[in-house]
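I set out to record what I looked up in this entry. My notes cover the ligand site, the domains and the confidence of the model.

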Amino acid sequence: MNITSLQSHILQEESRYQGATGDFTWILSAISLAAKGIAAQVRRARIEDVIGDHGGANVHGETQQKLDMIANDLLMTCLGSRPTIAVVASEEHEEPTILRRGAEGGKYCVIFDPLDGSSNLDVSVSVGTIFSILKNDPSIPGAVETLCQPGTHQVAAGYILYGSSTVFVLTTGRGVNMFVLDPSIGSFVLVKSNLRIPPAAKTYSVNEANRRTFPEGFQRYLDWAHAEEYSSRYIGSMVADVHRTLLKGGVFLYPPTSKNPLGKLRLMYEANPMAMIIEQAGGAAVAPSSAERGGSAVRILEITPSSIHQRTTVVLGSSAEVENVLRHL
Ligand code: P6P
C-alpha cells in the first residue's frame, strides 16, 4: 500500500511544474504545520478553562485566550516565517498584515478564517480553518487592493475540518484531494484523489429558523423540497456543512435574511475558497441576489470584492441541486 503524505503530494505536484521554485510548497507546508497545532489545541478545548479556572489564568500564568485567537496566532506564526508571503489577512484582524513587498520577494497573499464556527467548540461540534491563496500583484500598491481579487484568481484553496477526524481538503486548481491526519505518525495522509461531488442528492442544508425572512423564491424552493421528500441537514458550522455536501452531495444555502440582507458568510475567506473546492469537484457555487438587488444569481468566484471582510449569500453543492434552487428564485 502506498502512503502519500500531504508533504510528498505537494512535492509531487510541484515537480510537474517546470521551473517551480518550491515557494508555493513552503506556504502549504506552513498551513499544514499550523493545522496540526490547531488540531491539538481544539482537541483540548475547555480543558484550559478548567485548568485556568483559578483566577482566570492557566497554569502557565497566561491569560486564557480564545481558541480562535490561538488558531490565528499559530497561522500567523507559521506563515510569517515563509519568505515568499507578501500579505496575510485574517477574519480576526480588521486590516491585513503586510509581511514584505513584491520587490522583497513577496509572491503570494494568504487570507484565512482561522477557526470558523468557533462558537460550536463549547459543545464539541466540528469547526474548521478555511484558507485562500492568491498571487501578490506588486503593481497594486495597497494591501487591501492587492487582496481584493475575484475568486477565479485563487491559486489554491482549502479547509481543515476538526471533526471526528482531522481532514485537510485542498485544491490547487487541478481537482480536489483529501487528507486525514494520522496522529500516530503526525502526518496528513492522502485518502482520496480527484474527489468528485455527487451530481445530485436529496439533501438541503439551511438554517430554517430564518425561513420567514428569506426572499420568496427560497420559500418556494423549501416547499418544493419538502414535497419532494428531501432530508435536511444543518450543523451551523460552515466547514462541517460544506464537507458533508462535498462528500454526500446536496446543496448548502445561506440566503439573504432580514439580519444579513447581503448574506452572512464572508466572500474572501469563506465563500471563495469553498466555491473553488466545490467547482473543482464538479459542483456549482453561486450568490443569489438579495431581494433588493433583483436579478438572478452570480458565480461566487466572479464577484470582484470591494473589501476583504465583505459578506455574500451562498448557494453551493451538486450542480443539479443548485439548479433546483435557482429554478425557484
Ligand atoms: P447561522 C458560524 O458562525 C458561521 O460563520 C458559519 O460557520 C456557519 O455556516 C454560519 O455562521 C451559521 O450561521 O445564522 O445559521 O447560525
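I took a polar contact as a pair of N or O atoms within 3.5 Å; within protein, one must be able to donate a hydrogen and the other to accept it, and residues adjacent in sequence count only if both atoms are side-chain atoms. The model is predicted, so I noted that local features need pLDDT of at least 70, that side-chain atom pairs count only at pLDDT 80 or more, and that totals for chains, interfaces and linings use all residues. Residues are numbered from 1 along each chain as its sequence is written, and side-chain values use heavy atoms, with hydrogens and water left out.

Ligand site. I found an oxygen atom of the ligand 2.9 Å from a side-chain N or O atom of Lys264. For Tyr254, a side-chain N or O atom is 2.6 Å from a ligand oxygen atom. Met238 instead places a backbone N or O atom 2.8 Å from an oxygen atom of the ligand.

Domains. I read the assignment, automatic or from a database, as domain 1 (6-192) and domain 2 (203-326). Their centres, taken over C-alpha atoms, are 24 Å apart. In contact (heavy atoms within 4.5 Å) are 44 residues of domain 1 and 30 residues of domain 2.

Confidence. I checked pLDDT, the predictor's confidence in each residue from 0 to 100. The chain has a mean of 89, with 92% of its residues at 70 or more. Over residues 51-62 the value stays under 50. Where pLDDT is low, the predicted coordinates should not be read in detail.
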